[in-house]
Each structure stands twice: as structure tokens, then as C-alpha cells.
Amino acid sequence: MAKAPRAWASLAGCERRLTMAGPPGSRGSASLSDFKFGAVDTQTIEDALLHLAQENQRAVREARGQAGSFRETRIVEFIFLLSEQWCLEKSVSYQAVEILERFMVKQAESICSQAAPVVRGGEKVEPWNWRTQKEQLCNAFVLRLVSCVQLASKLSFHYKIVSNVTVLNFLQALGYLYTKEQLLESELAILKSLNFQINLPTPLAYVEMLLEVLGYNGCLVSAKQLHGTCLTLLDLVYLLHEPIYESLLRSSIENSIPMEQGGKFVSVKEDFMLLAVGIIAASAFIQNQEWWGQVVEHLHSITGIDNENIAEFSYAILTHGVGASTPVRQQSDLHHLAARPLRAAATCNM
């Protein structure tokens with residue numbers, strides 16, 4: 001996969017100053033203590049699960065080579081810290097990452113398409129304007145990032161929306177002087193680029209939906225008990241996105257999986273249903289190994305994803321999340337379950 005341009009070079013040092021910007025008061029994301037499972041009727045749950053499965057199929061089908069290029073650790077960490085600084089709920093963080101990812105991929109693809117040399121008078125001539133556009137994109141990257149967080153906060157209408165004054169004060173603390181008009185223009189540029197389609201499901205929506213279904217299907221494991229661990233592991237996957245998925249790719253090669261590298265594997269990176277089942281299975285393993293088999297079997301029956309694929313993904317998460325502190329016996333037992341072919345779960349059988 002082609003590497004994304006280093007548009008976020010201006011992020012250097014910004015993370016260290018996050019605690020200096022933004023309003024005073026208690027820090028941290030919105031409380032999850034009131035989160036409840038089992039409060040929605042089964043028909044609504046079935047309809048919502050079907051909708052998520054269809055959205056996932058579309059995302060996997062439309063995945064392109066540049067997808068995932070802007071989920072780099074420094075970018076994700078900046079968004080997570082900023083969301084924490086502004087006391088936003090967890091879903092806003094993930095939504096902001098996904099909005100920024102899709103926007104930047106579109107911008108990068110547009111610039112790259114204009115960078116191809118053109119033939120004039122029998123000679124190849126490099127277009128001059130693509131470098132200008134790249135420079136403009138890099139210079140405005142922090143503004144675009146903050147605008148994505150603000151847009152994501154507006155989608156979460158039942159929590160406090162980040163005001164323009166808060167955003168401008170934050171940017172000023174980082175040394176960026178923008179006006180309200182420029183801030184609004186930045187939001188509009190993102191919305192237009194994405195055809196105003198910014199309210200798409202995040203991996204958190206898939207995790208919480210599957211936890212809800214686990215409860216309705218009679219799984220003895222408490223969904224609420226798994227929820228907190230799932231959030232921690234989801235943060236981990238976002239922060240270690242590239243190494244975790246590289247582990248999956250290496251595993252697929254080592255097990256002689258008939259999977260094209262690059263363009264084909266990118267569909268796995270955009271498969272949020274596969275990510276969600278891996279997160280939940282890993283959470284169950286961390287909390288109690290006795291739950292492992294039951295949870296994996298339930299997840300398989302709900303999504304149609306092979307048990308081996310669920311085990312493979314959860315093993316990659318645990319390897320990077322727990323690492324050397326994992327007991328050798330537990331590691332070897334889990335790898336015995338997981339060391340099988342990984343296939344992208346592009347469909348969801350109801």
C-alpha cells in the first residue's frame with residue numbers, strides 16, 4: 001500500500017500542549033456508567049444488525065488501496081487526546097478518526113491523480129498545480145483534523161457540541177490563527193468532499209450491537225462486563241492499527257492463504273464486523289478463558305464469520321495488547337486455536 005503523505009508533520013509537539021488548551025474542568029470522556037444493554041426490543045435489534053451488516057458489506061466491497069493510510073498512531077493519539085480534553089464520549093473519537101481518514105484519502109487520491117506527467121510536444125511535463133495543492137493540504141491538516149472532531153461532536157447530539165470559540169481558542173494555543181469564517185469553510189470543505197455522508201457506523205457500533213445480540217441469544221457472559229474491556233482493546237487497535245494488521249497479513253502468508261497482498265488485503269482492514277468479533281473474543285479471553293469457546297461460538301452463529309478467523313484476529317490483538325506478560329501456556333493454547341487461515345468476512349449470515 002502506498003504510504004500517505006506526511007501531512008501531519010505539524011502535529012509534532014501538539015500532543016504535549018493539549019493539556020494547556022481547551023476549557024478547564026474535569027477531563028476524560030463522557031461517563032459510560034449509564035450504558036445499558038437489553039433495553040431494546042428484538043425486532044429493532046434485528047433490523048439494526050442487518051443494517052450494520054449491509055453497511056459493512058458495502059465498505060468491504062468499496063475498499064481501495066489507500067484505505068487506512070491516515071489511521072496512523074500519531075493522528076489517532078492526537079484525536080483521542082483532544083476528545084478527552086473536550087470531555088467527549090468515546091464514539092466521537094472513533095467517528096472523528098473515520099471522517100478524517102475518508103476525507104484525507106479522497107484528497108490524497110485527487111492530488112495523486114493530478115501528479116501524473118502529461119505529454120506536451122513529445123515530452124513528459126509534470127503538472128505544477130499538484131505540488132501547490134499538496135502543500136495547502138499539509139498546511140491545513142491540523143485545522144481539518146480539529147474540524148473532523150467538531151463535526152463528530154455534532155453527530156452526537158445528546159452530548160455537548162464543541163463550539164467554534166472552543167476550537168479557535170485551542171488552535172490559537174497551538175499557534176494557529178484562524179477566524180470563525182475559516183473554521184466554517186473547513187467544515188464545509190470536509191462535508192462537500194464526502195458528499196455530506198459523515199454519519200457512518202464506526203467499529204464501536206458493531207461491538208455494541210454484537211454485545212447486545214449476545215445477551216438476547218442467551219450467552220451467559222455479561223455484555224456490560226465485556227463492554228469496558230472492549231473499549232480499551234478498541235483504543236489499542238486504533239493506536240496500533242498498522243502493526244496489528246501487519247501481523248494478520250503475515251499470518252495469512254505463513255498459512256498459505258490465497259490472498260493477494262495490498263489491494264485484496266485492504267478489504268480486511270475495512271471489515272468492521274471482523275474487527276468487532278475479534279475485539280469481543282479477545283475481551284472474553286482476558287476476563288475469563290472459560291468464556292472463550294462459548295463467546296466465539298455465539299459470534300460465529302450471529303455473523304457467519306469462521307471461528308478460525310475470529311480466533312486469528314483476537315490472537316493478533318492479544319499479542320500486541322498483552323505481549324510478553326501473557327503466560328506461555330495461554331499464548332500457546334490460543335495460538336493453537338488461531339493458527340489457521342484468515343479470510344475477509346465480507347458477508348454476514350443472519
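Helix H2 covers residues 73–85, and its 13 residues reach 18 Å from the first C-alpha to the last. That is close to the 18 Å expected at 1.5 Å a residue, where the expected span of a helix is 1.5 Å times one less than its number of residues. Helices here are DSSP runs of H or I with at least four residues, strands are runs of E with at least two, and both are numbered from the N terminus. This is a predicted model, in which local features need pLDDT of at least 70, side-chain atom pairs count only at pLDDT 80 or more, and totals for chains, interfaces and linings use all residues. Residues are numbered from 1 along each chain as its sequence is written, and side-chain values use heavy atoms, with hydrogens and water left out.

The buried residues of H2 are Ile75, Val76, Phe78, Ile79, Phe80, Leu82, Ser83 and Gln85. A residue is called buried when its relative accessible area is under 20%, exposed when it is over 50%, and partly exposed in between, using a 1.4 Å probe and protein chains only. H2 is followed by Cys87, which has a positive phi near 55°. Most residues other than glycine have a negative phi. Cys87 lies in the loop between H2 and H3, and its relative accessibility of 28% makes this residue partly exposed.

Val105 counts as buried because its relative accessibility is 6%. Which residues does Val105 touch, leaving aside its neighbours within four places in sequence? Val105 is in contact with Gln66, Ala67 and Phe70, where contact means heavy atoms within 4.5 Å. The C-alpha atom of Val105 is also 8.3 Å from that of Gly68, although these two residues are 37 apart along the chain.

The next stop is the pair H5 and H7. Two packed helices are described by the angle between their axes and the distance between the axes. For H5 (residues 141–155) and H7, the axes come within 9 Å and cross at roughly 75°. Such axes are lines fitted to C-alpha atoms, for helices over the stretch in contact, and the angles run from 0 to 180 degrees between N-to-C directions. H5 and H7 are therefore roughly perpendicular to each other. By the cut-offs used, angles under 35 degrees are roughly parallel, over 145 roughly antiparallel, 65 to 115 roughly perpendicular, and the rest oblique.

On the H5 side, the residues that meet H7 are Leu143, Arg144, Ser147, Cys148, Gln150, Leu151 and Lys154. Their partners in H7 are Gln182, Leu183, Ser186, Glu187, Ala189, Ile190 and Leu191. The residues of this contact divide into seven nonpolar, four polar and three charged. In this grouping Ala, Val, Leu, Ile, Met, Phe, Trp, Tyr, Cys and Pro are nonpolar, Asp, Glu, Lys and Arg are charged, and the others, Gly among them, are polar.

Ser186 sits in H7, which runs over residues 180–193. Is Ser186 buried or exposed? Ser186 is buried, because its relative accessible area is 1%. Not counting residues up to four places away in sequence, Ser186 touches Leu143, Arg144 and Ser147.

The loops on either side of H7 also hold residues to look at. Thr179 is in the loop between helix H6 (164–173) and H7, and with 37% relative accessibility Thr179 counts as partly exposed. Thr179 and Asn164 are 15 residues apart in sequence and 9.4 Å apart in space, C-alpha to C-alpha. Phe196 is in the loop between H7 and H8. Phi of Phe196 is near 65°, a positive value in a residue other than glycine.

Helix H8 spans residues 203–216, and its end C-alpha atoms are 20 Å apart, which agrees with the 20 Å that its 14 residues should span at 1.5 Å a residue. In H8, 11 of the 14 residues are buried, so this helix is largely enclosed by the rest of the structure. Among them are Tyr206, Glu208, Met209 and Glu212. Just after H8, Gly218 takes a positive phi of about 90°.

Further along, Phe265 is in the loop between helix H10 (241–254) and helix H11 (266–269). Phe265 is buried, with a relative accessible area of 3%. Phe265 and Arg64 are 201 residues apart in sequence, but their C-alpha atoms are 9.8 Å apart.

Finally, the chain as a whole. The protein chain has 15 helices and two strands, and 49% of its 350 residues count as buried.
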